[in-house]
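Visitor: Please take me closely through one part of this model, then through whatever else is worth checking beside it.

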Amino acid sequence: MSHTIFESRYAIGPNETKSLDTKGLRENFLIEKVFSADKIHFVYTHYDRYMAGGAMPVLGRLQLETIDELLKEPYFLSRRELGIINVGGDGKVEVDGTSYDINHKEALYIGKGAKEVFFSSNDSSNPAKFYLNSTPAHHSYPTKRVTKAEANKIELGSLETANHRTINQMLLNKVVDTCQLQMGMTELKPGSVWNTMPSHTHDRRMEVYFYFEVPEAQAVSHFMGPIDETRHIWMQNEQAVISPPWSIHSGAGTSNYTFIWGMAGENLDYDDMDKCAITDLR
């Protein structure tokens with residue numbers, strides 16, 4: 001019996017999106033459930049054929065299975081690469097017989113061609129939560145573990161503008177070779193709530209945001225849409241949201257929080273973006 005739960009989302013453009021109500025926005029872009037005990041969740045979006053989800057092993061190992069309805073391949077990474085960041089307790093990821101310790105806020109890149117991938121937790125009472133992003137790949141690069149200390153760090157913003165944050169670039173071409181997948185983690189300082197402000201778009205790649213460490217009874221309002229036609233989606237802890245290439249991707253919380261960004265497309269230049277002045281937002 002399969003332990004993988006998945007769904008597919010078709011890509012829509014800005015003209016279709018601006019006519020959606022709250023329910024329609026959430027159905028197309030919000031990923032409400034990322035983690036369940038002893039399950040692997042995936043959402044397959046047709047924006048760059050990106051896959052986002054999570055594996056939460058509790059009672060034993062979870063295997064990364066192929067999804068025949070979507071991939072039509074003998075194993076999951078036949079023609080894909082995979083990025084992992086653990087947002088739960090300490091755990092292990094086994095790749096073709098080699099075991100990697102992936103502890104809290106550590107990352108692992110697995111290249112195209114890996115046949116067997118297993119996830120496990122060191123302590124079932126504090127299970128690992130492996131956040132997963134996957135994209136199509138044209139070349140096989142080596143598996144590589146990246147700790148938070150090894151990330152390329154950028155400090156931005158200020159407390160005065162409520163956006164003092166540290167960007168940890170973890171699976172980025174400055175740190176690890178990938179085909180197109182890039183991932184990192186942004187931590188907001190206490191007293192700061194805004195992320196990715198001033199906003200921007202980047203038409204040559206799409207993005208997925210995963211919000212976590214949102215305190216109990218707090219929430220994040222994620223902003224999306226074209227610069228002159230923005231919308232918002234209210235999000236809870238450990239939920240993700242799909243950001244099309246034509247959309248801004250920004251947010252403000254009722255408290256500080258952490259989020260993981262993942263990107264895919266034809267460009268690996270992190271700074272290739274079309275910036276938007278705050279006063280131009282509508």
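Visitor: Is K105 buried or exposed, and what is its relative accessible area?

Guide: K105 is buried, at a relative accessible area of 9%. Buried here means under 20% relative accessible area, exposed means over 50%, and partly exposed is what lies in between, with a 1.4 Å probe and protein chains only. The model is a predicted one, in which local features need pLDDT of at least 70 and side-chain atom pairs count only at pLDDT 80 or more, while totals for chains, interfaces and linings use all residues. Residues are numbered from 1 along each chain as its sequence is written, and side-chain values use heavy atoms, with hydrogens and water left out.

K105 sits in the loop between β8 (98-102) and β9 (107-110). Element names follow DSSP runs, numbered from the N terminus: helices are H or I runs of at least four residues, strands are E runs of at least two. The backbone at K105 has a phi near 65°, a positive value in a residue other than glycine. D38 also has a positive phi, about 60°, although it is not a glycine. D38 belongs to the loop between β2 (30-31) and β3 (40-45). A further backbone detail is the cis peptide bond between M197 and P198, with omega about 5°. P198 is in the loop between β16 (194-195) and β17.

Next, the pocket. The largest pocket has a volume of about 450 Å³. The search runs on a 1 Å grid over the protein atoms alone: a pocket is an open set of points with protein on both sides within 12 Å along at least five of seven lines, a cavity is a set where a 1.4 Å probe fits but cannot get out, and lining residues have an atom within 4 Å of a point. Grid points are joined across faces, edges and corners, and the volume is the space filled by probe spheres set on the points. The lining of the largest pocket comprises 24 residues, and those nearest its centre are L156, R165, H200, Y270 and M273. Two or more lining residues come from each of β13 (152-156), β14 (165-171), β18 (205-212) and β23 (258-265). By class, the lining holds eleven nonpolar, seven polar and six charged residues; Ala, Val, Leu, Ile, Met, Phe, Trp, Tyr, Cys and Pro count as nonpolar, Asp, Glu, Lys and Arg as charged, and the others, Gly among them, as polar.

An unreviewed UniProt entry places the feature "binding site" at H200, H202, E207 and H249. UniProt positions are given in the numbering used here, with feature names shortened, and annotations may be inferred rather than shown by experiment. These residues span 50 residues in sequence, yet no two of their C-alpha atoms are more than 11.9 Å apart, so they gather at one spot. Of them, H200, H202 and E207 are in the lining of the largest pocket.

H202 lies in the loop between β17 (200-201) and β18 and is buried at 3% relative accessible area. Leaving aside residues up to four places away in sequence, H202 touches E207, P245, H249, M263, D272 and M273; contact means heavy atoms within 4.5 Å. E207 is in strand β18 and counts as buried at 4% relative accessibility. With residues up to four places away again not counted, the contacts of E207 include H202, H249, W261 and M263.

Away from that site, S134 is in strand β11 (residues 130-136) and is buried at 0% relative accessibility. Beyond four places in sequence, S134 touches residues including R49, Y50, F76 and R80. P142, in the loop between β11 and β12 (144-146), is exposed, with a relative accessible area of 59%. P142 and D177 are 35 residues apart in sequence and 7.9 Å apart in space, C-alpha to C-alpha.

A277 is in the segment after β24 (274-275) and is partly exposed at 35%.

Last, the cysteines. C179 is buried at 9% relative accessible area, and C276 is buried at 5%. A search of the whole structure finds zero disulfides, a disulfide being a pair of cysteine sulfur atoms within 2.5 Å.
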